[in-house]
Amino acid sequence: MNEKTLQATSEPAAAPTLPAATGVGAVHIDVTDGPRALEFYQHAVGLTPLSVEDSEIRLGAGSRELVILHPGAVGPVVPHHTGLYHLALLVPNRRELARVIGRLGMMRVPNSPTDHTMTKSDYLWDFDGNGIEIYCESPEDGSFIYENGTFAARDSAGRMRSGRDPIDLEQLFGELKPDDDLDAPMPDDTRMGHVHLHVRNVAEAVDFYQGVVGFDLMGLAMRYSVAFVSVGGYHHHLGLNTWAGEGAPPAPPNTSGLRHYTVELPGAADAHEVAGRIRETGAEVVENDAGYRTQDPSGNRFQLGVRTA
C-alpha cells in the first residue's frame, strides 16, 4: 500500500474531550495593597476570608476557595495586554444577586447590572482594575444563539434581544425579603462559574483550548472577536477575546492582574492526561503539589488540579 493510499484511508485523530464534571476553580490575582483588597473582596464582593497572611489572602464561600490575592504588585492592571478580563462568581439565585447589587449600591461602588437573558450579571472592578462578574443563571428567560459569526439572545417568547440590556432592578429587588441582611456573605454554594481572558488571537486560543486541552466550542463570534468554550453543555467555562488588542503581549512583570486560574478535573489521572497533551505541543508543564502548572499561547497561566468539592 503506497503513501497516498494510506493518507486517503486514515481516519482523522479524534478531538480530545474533557470529563463532563470539569469546571473552573480558584483564581489567583496580583494586587498592590493587601489590606485594601481584602476589605473590598470581603465587604463589597461578599467573600469570606479563609486565611490572611502578608503574602497571600485566601477568600471563598463556605470552605471553597474562590479568589486568592497576592499583594505586592508595583502597579495596577496595565491595559492592552493579555490576562484577566474578569473572574465570574456564580451565586445560586436572583435573591443572592439582588443582595450583592443592593450592597454595592449602598457602598457607592461603581457597578453595571446587565441582563444577558440566560444569566443576570453585575460587573465591577477592584481598586487595581481586576475585572469581576457576579451572576446567577436564568435559563427560563431565554438563551444565547451563535450564527453567521455573531451572537445575540432570544427570550423565552422567541423575541430577539441584545443580551446586554440593563437589569430590571425593581423586579430583581423584589426577590429580597424585608429582613434580608445586605451585608451577609455570599452563600456556601457560591462557586467560580467561569473565567474570561484577554488573548492575543481568538483562533489560536480556540485551537489550544478545544484542540489540545479538550474544551467544547460553544460559540465563535468573530465579528466581536470572542469565543466561548465549556464542558458538559454549559454556556461557557472560559471566554476568550482580543478586546485588549489583536496580538496583545503578556502584562509587564510585577503588575496587578492574573497570576493563574484553575481548571478543575474529576481525578488525578484526568489532569495527568491533559498535562500530557499540552506537553506534546512543546509548552512547558510543571508538576506541583496541586497538579500541573502551564500556560496558554497568550501567556495566560493556569493550574490543572483535581476538584475537591
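**Aromatic pairs, nonpolar cores and helix packing**

Eight aromatic pairs are present in the structure, which is a predicted model. One of these pairs joins tyrosine 85 to tryptophan 243 in an edge-to-face arrangement, with 5.2 Å between the ring centres and 85° between the planes. Tyrosine 85 belongs to strand 5 (residues 83–90), whereas tryptophan 243 sits in the loop between strand 16 (238–241) and strand 17 (257–265), so the pair ties together parts that are 158 residues apart in sequence.

Phenylalanine 215 is buried, at a relative accessible area of 2%. Apart from residues up to four places away in sequence, phenylalanine 215 touches Leu18, Tyr209, Gln210, Val229, Ser230, Val231, His237, Leu238 and Val263. Its C-alpha atom is separated by 14 Å from that of glutamate 273, a residue 58 positions apart from phenylalanine 215 along the chain.

The largest nonpolar core comprises 64 residues, and those with the most contacts inside it are Tyr41, Val45, Ile134, Tyr209, Tyr261 and Leu304. Helix 5 (residues 202–213) supplies the largest share of this core, namely seven residues. When neighbours within four places in sequence are set aside, tyrosine 209 contacts Leu197, Gly214, Phe215, Val229, Leu238, Leu240, Tyr261, Asp296 and Phe302.

Two helix pairs were examined for their packing. Two packed helices are described by the angle between their axes and the distance between the axes. The axes of helix 5 and helix 6 (residues 268–280) come within 9 Å and cross at roughly 125°; the two helices are therefore oblique to each other. Their contact brings Phe208, Val212 and Val213 of helix 5 against Val274, Arg277 and Ile278 of helix 6. Five of the residues in this contact are nonpolar and one is charged, with no polar residue.

Helix 2 (residues 34–45) and helix 3 (residues 94–106) have axes that come within 9 Å and cross at roughly 120°. Helix 2 is therefore oblique to helix 3. On the helix 2 side the contact involves His43, Ala44 and Val45, which meet Val100, Arg103 and Leu104 of helix 3. By class, four nonpolar residues, one polar residue and one charged residue make up this contact. Val45 of helix 2 is also one of the residues with the most contacts inside the largest nonpolar core.

Several loop residues were also considered. Arginine 159 occupies the loop between strand 10 (150–155) and strand 11 (160–161) and is exposed, with a relative accessible area of 54%. The C-alpha atoms of arginine 159 and glycine 142 are 9.1 Å apart, the two residues being separated by 17 residues along the chain.

Most residues other than glycine have a negative phi. Serine 225, however, has a positive phi near 55°. Serine 225 is located in the loop between strand 14 and strand 15 (226–230) and is partly exposed, at a relative accessible area of 24%. Asparagine 254, although not a glycine, has a positive phi of about 65°. Asparagine 254 lies in the loop between strand 16 and strand 17 and counts as exposed at 58% relative accessibility.

Conventions: Residues are numbered from 1 along each chain as its sequence is written. This is a predicted model: local features need pLDDT of at least 70, side-chain atom pairs count only at pLDDT 80 or more; totals for chains, interfaces and linings use all residues. Side-chain values use heavy atoms; hydrogens and water are left out. A nonpolar core is a set of buried Ala, Val, Leu, Ile, Met, Phe, Trp, Tyr and Cys residues joined through side-chain atoms within 4.5 Å. Buried means under 20% relative accessible area, exposed over 50%, partly exposed in between (1.4 Å probe, protein chains only). Helices (H or I, at least four residues) and strands (E, at least two) are DSSP runs, numbered from the N terminus. Contact means heavy atoms within 4.5 Å. Axes are lines fitted to C-alpha atoms, for helices over the stretch in contact, and angles run from 0 to 180 degrees between N-to-C directions. Angles under 35 degrees count as roughly parallel, over 145 as roughly antiparallel, 65 to 115 as roughly perpendicular and the rest as oblique. Ala, Val, Leu, Ile, Met, Phe, Trp, Tyr, Cys and Pro count as nonpolar, Asp, Glu, Lys and Arg as charged, and the others, Gly among them, as polar. Rings of Phe, Tyr and Trp (its six-membered ring) pair if their centres lie within 6.5 Å; planes under 30 degrees apart count as stacked, over 60 as edge-to-face and the rest as tilted.
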